[in-house]
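Colleague: Could you walk me through how to read a metal site and its surroundings in a model like this?

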Amino acid sequence: MTNVVPVSQPVSLPTSDGNEYPVRRIYLIGRNYEAHAREMGHDPNREAPFFFTKWPNTIVVGDGKIAYPPMTKNYHFEAELVVALSAGGTNIAVSDALDLVYGYAVGLDMTRRDLQKIAKEAGRPWDYGKNVDESSPISMLHPVSEIGHPGKAAMWLDVNGSRKQDTNLDQMIWSVPEMISILSEHYTMAPGDLIFTGTPAGVGPVVPGDNIAVHIDGLTDLNVEIV
Ligand code: MN
């Protein structure tokens, strides 16, 4: 027997020690920095965390160009720390969760904000707003064995050299081990799963020709041009 359509290529992220990390799933948390929750019109103190997902083939590996997508007039950047799991399970205790982390990278959760807003107001899924082709650029992965767990590290995002987002990872509402634990109550987590850990305040639009630079102390910067 032969495949009747071509096999889609799995997405792998390069690691800083010269290996490859094959991606299985992408989970993303909503509203994990207080000031960003407020700028989106929500009270962060009254909301349990929630997650959404993207297809792995929305990933763009490393620096490069990403296409301005169709059907939007308000395409937003969101700088985020990305967590990569080396092991999984269900009902993982918070105290065990960091043992499942392979490493960390810098990511962008690009968002069709106008379509996300329509979905929110209509009570519809976020897919049109979030699960967008080329919407998940990710830099090189750094293993925990090299960098440890970056609980406190500066994160910033520039558009065309102008600072738009500027925070520290210690400002997250829900920590990395808490996110892993909560996700594992809902899903069977596994090696290859990525978690985007939320964006701080300052999100905004880009247009073709803009250059986005994202930095987290200790990780490889991510540089993307919108085309
Ligand atoms: Mn996000």
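Modeller: Three residues coordinate the manganese ion at 1.9 to 2.1 Å: Glu78 (OE), Glu80 (OE) and Asp109 (OD). Donors here are N, O and S atoms within 2.8 Å of the metal (3.2 Å for Na, K and Ca), and water is not among the atoms, so sites may look incomplete. This is a predicted model, where local features need pLDDT of at least 70, side-chain atom pairs count only at pLDDT 80 or more, and totals for chains, interfaces and linings use all residues. Residues are numbered from 1 along each chain as its sequence is written, and side-chain values use heavy atoms, leaving out hydrogens and water.

Colleague: What spacing do the donors of the manganese ion follow along the chain?

Modeller: The pattern is E-x1-E-x28-D. Glu80 sits in strand β8 (residues 79-85) and Asp109 in the loop between β9 (101-108) and β10 (111-112), so this pair, 29 residues apart, links distant parts of the chain. Strands (E, at least two residues) and helices (H or I, at least four) are DSSP runs, numbered from the N terminus.

Colleague: Where is Glu134 placed?

Modeller: Glu134 lies in the loop between α4 (127-130) and β11 (136-138), and is partly exposed at 32%. The side chain of Glu134 reaches the backbone nitrogen of Ala67 at 2.8 Å.

Notes
Buried means under 20% relative accessible area, exposed over 50%, partly exposed in between (1.4 Å probe, protein chains only). A polar contact is a pair of N or O atoms within 3.5 Å; within protein, one must be able to donate a hydrogen and the other to accept it, and residues adjacent in sequence count only if both atoms are side-chain atoms.
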